[in-house]
Amino acid sequence: MSPAQVLRFALAGLAANKLRSALTTLGILIGVGSVILLVAVGNGSSQSVQNAISSLGANAITVLHTEGGSGPTSSTTAFAEPQNLTTADGQALAQAPGVASVSPAVSTSVTLSYGASSDTASLTGTYPSYFPAEDDTLGAGSSFTTQEVNTAQDVVVLGSEAASDLFGTANPVGKSVLVTGVPFTVVGVLATKGASGLTSADNTAVAPLTTVQDALTGFGTLNDIVVLATSAAVVDTVEGEITSILDRRHHETAADADFEVLNASTLLSTASSTAHTFTVLLGAVAAISLLVGGIGITNIMLVTVTERTREIGIRKAIGATPGVILAQFLTEATLLSMIGGALGVLAGIIGTRFTIVGVKPVTVPLSIPLAFGVSALIGLFFGGFPANRAAGMRPADALRYE
Amino acid sequence: MTRPLPRRAAGPPPEADQPPAQPEPVIRLMSVVKTYGTGEAAVQALRGVTLDVVERDYVAVMGASGSGKSTMMNIIGCLDVPSEGQFLIDGIDTSSLDEQQLAVVRNRKIGFVFQAFNLIPRMTALANVELPLSYAGLRGAERRRRAEAALYLVGLAGRMHAQPQQLSGGQQQRVAVARALVTAPSLVLADEPTGNLDTRASHDLMDVLDRLNAAGRTIVLITHEADVAAHAKRVIGVQDGRIVADRRVIEPGALPPLLGQPVYGSVRP
């Protein structure tokens, strides 16, 4: 019997029970669609994180304060108390060759309020050189000056989202806002940077380091120091310089360092591996729904085979070989899963055109043929058991079945 | 499914200058025993049946329910295999065949007519009749031509595109007959073919079977109705899994006894 004939019989079999076929197809549709969509969401969020990090600029190096090492080496070697990261450290770093600017920074979460509206934002206290190092540009007004930092003026630059939350469309420049109860004068508003991953980079405020330490954080350790190298080519050298200067100043060994030096590319690789884990996790959840859809096929094909026992008996009596019966039911199952797969690809592609929980999904091209191929294999695999049962029926018994 | 069938069992070669006094049997059962179940629960449905049916014969197998006639029909139809003994169709020993080869034998050698019609629902009469030809691997145009000819033969040329549920019982059974003979089988096997039909449809159907036999088809008919058995050339009685009567009405080469007899109200196709 020709494959075209087998296909025709299979199509007739599916058409005989349209609702059931449609519902079974739906299971595969959801499975394949969610594989494509969720992998695209994972991929999209990883790309937006990467974009945000690369917008930091390849020249920026961040020195983070950490609590210091507590590894087993600290008890056997000369133990050094973890020290604070200070502005003096920043000044020392500024002397190193290849360093364009150094911006010591503290950060804290604050409540901004203006009139009746208030907003929770992250406040950074730093020097004006922080803006170019972070690739921030001003949308309105101006930055504060080094002079204002030295004299601890109560001025603040708002992120675009913080500004619109407090002032709506009004121009905030020149207005006074309360930062956790302390009045600050708004001198500028940053241009919109967009979301980085799941958090907004625009719900921020930046003020002079001295003022923030004075009013809010106290004169403890800095959270980080942003160092801008003169060019991307010297970033690695400067990183080495920073490490040796701080090691010397803090009398640390690598094992129990109280700081961590990061640049955009190390951040990028950390973020990529996190995003990859996230994508794999989402894909695994979607794959489970595809598996459930496959079990749905087995279930419905078993019902179909039982229901059509008599028909199978008739077909065998008039000369259908076990192979032909097997082919017919396998083709039915595979058609179900492939139609579901094709519709699922369509649904997945349509779904990726929408923004989902703040993430713009980016389709992974490989996920489409992969999900579709897996759905076809699922039909073969999960249809195999019912089809085998049909093929193995004894014609005399099948004909007697009521 | 195109695996060749085993060659005919070695028999005496036909001698050219002798009259065909004893035609080769189409079916031959030799001490066939069929047992269902095992051990204590074993039931012998057939207890040693030996029977030859020759070409052009028209045999009615009669028996009450439980007599073993359905088991006999399953074995003759290659739907089941004997537990003991041998069954040969057209000289082919079925005990040596696997399920695949049995399917080919059913396709080429046997045409079934069942009591319950057993047409496949949602397929037109034509598609139902084409089905055995599909399994035989025939191409579309040839399949269609032969199926149309078979439907014409049973008087249903006008209802080819009707689905089974749109046909009367008598018409459905005639579609089944068309399907049984479309592959030009050695044997038409009819299991209580009039069991679900009214008197008039029964007469029409028996008329079709009579004419098929007159045209040279070998027919085995399983029934418990005496007036249906009256159409046959040979009547065999089965009881408790054994043949208890074997009555020859008329020679296999002759015309069927009731061929063309006017029956009140019958409609000639």
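Biologist: Is A:Thr352 buried or exposed?

Modeller: Keep in mind that this is a predicted model. A:Thr352 counts as buried, because 22 C-beta neighbours lie inside 10 Å and the cut-off for buried is 20 or more.

Biologist: Where is the place of A:Thr352 in chain A?

Modeller: A:Thr352 sits in the loop between α12 and α13 of chain A.

Biologist: And what is A:Thr352 in contact with, leaving aside its neighbours within four places in sequence?

Modeller: A:Leu37, A:Ala40, A:Pro361 and A:Thr363. There is also A:Val41, which is 311 residues away from A:Thr352 in sequence but 7.7 Å away in space, C-alpha to C-alpha.

Biologist: OK, zoom out. Into which domains is chain A divided?

Modeller: Domain 1 takes in 3-51 and 270-400, domain 2 takes in 67-98 and 230-257, and domain 3 runs over 101-229. Taken over C-alpha atoms, the centres of domain 1 and domain 3 of chain A are 53 Å apart.

Biologist: Helix packing next. At what angle do α10 and α13 of chain A pack?

Modeller: About 30°, with 9 Å between the axes of α10 (residues 264-307) and α13 (residues 367-391). Angles under 35 degrees count as roughly parallel, so α10(A) and α13(A) are roughly parallel to each other. Their crossing is right-handed.

Biologist: Which residues of α10(A) and α13(A) meet there?

Modeller: On the α10(A) side they include A:Leu290, A:Ile297, A:Met301 and A:Val305, and on the α13(A) side they include A:Val374, A:Phe381, A:Phe382 and A:Phe385. By class, this contact of α10(A) with α13(A) has 13 nonpolar, five polar and one charged residue.

Biologist: How do α4 and α9 of chain A cross?

Modeller: At roughly 135°, with the axes of α4 (residues 87-94) and α9 (residues 235-250) coming within 10 Å. That makes α4(A) and α9(A) oblique to each other, and the crossing is right-handed.

Biologist: What meets what between α4(A) and α9(A)?

Modeller: From α4(A) there are A:Asp89, A:Ala92 and A:Leu93, and they meet A:Ile242, A:Ile245, A:Leu246 and A:Arg249 of α9(A). Five residues in the contact of α4(A) with α9(A) are nonpolar, none is polar and two are charged.

Biologist: At what angle do α3 and α4 of chain B cross?

Modeller: Roughly 120°, and the axes of α3 (residues 125-135) and α4 (residues 140-153) come within 9 Å. α3(B) and α4(B) are therefore oblique, and α3(B) passes α4(B) in a right-handed crossing. Among the residues that make the contact are B:Leu126, B:Val129 and B:Glu130 of α3(B), and B:Arg143, B:Ala147 and B:Leu151 of α4(B). The class count for α3(B) with α4(B) is seven nonpolar, one polar and four charged.

Biologist: What about the backbone: what is the phi of B:Arg56?

Modeller: It is positive, about 70°, although B:Arg56 is not a glycine. Most residues other than glycine have a negative phi. B:Arg56 lies in the loop between β2 (43-54) and β3 (58-62) of chain B. It counts as buried because 20 other C-beta atoms are within 10 Å.

Biologist: And the phi of B:Phe117, what is that?

Modeller: Also positive, at about 65°, and B:Phe117 is not a glycine either. B:Phe117 is in the loop between β6 (110-113) and α3 of chain B. With 23 other C-beta atoms within 10 Å, B:Phe117 is buried.

Biologist: Last topic, the two chains together. How many residues of chain A are in contact with chain B?

Modeller: 18 residues of chain A, and they touch 22 residues of chain B. The elements of chain A that give two or more residues to that side are α1 (3-15), α11 (309-317), α12 (322-351) and α14 (395-400). The largest share, four residues, comes from α11(A). By class, the side of chain A that touches chain B has twelve nonpolar, four polar and two charged residues.

Note on methods
Residues numbered from 1 in each chain as written. Chains lettered and ligands numbered in written order. Predicted model: local features only at pLDDT ≥ 70, side-chain atom pairs only at ≥ 80, totals over all residues. Contact = placed C-beta atoms within 7 Å. Nonpolar A, V, L, I, M, F, W, Y, C, P; charged D, E, K, R; others polar. Domains from an automatic or database assignment. Axes fitted to C-alpha atoms, helices over the stretch in contact; angles between N-to-C directions. Parallel < 35°, antiparallel > 145°, perpendicular 65-115°, else oblique. Left-handed = near helix turned anticlockwise from the far one by under 90°. Buried ≥ 20, exposed ≤ 12 C-beta atoms within 10 Å, placed from the backbone.
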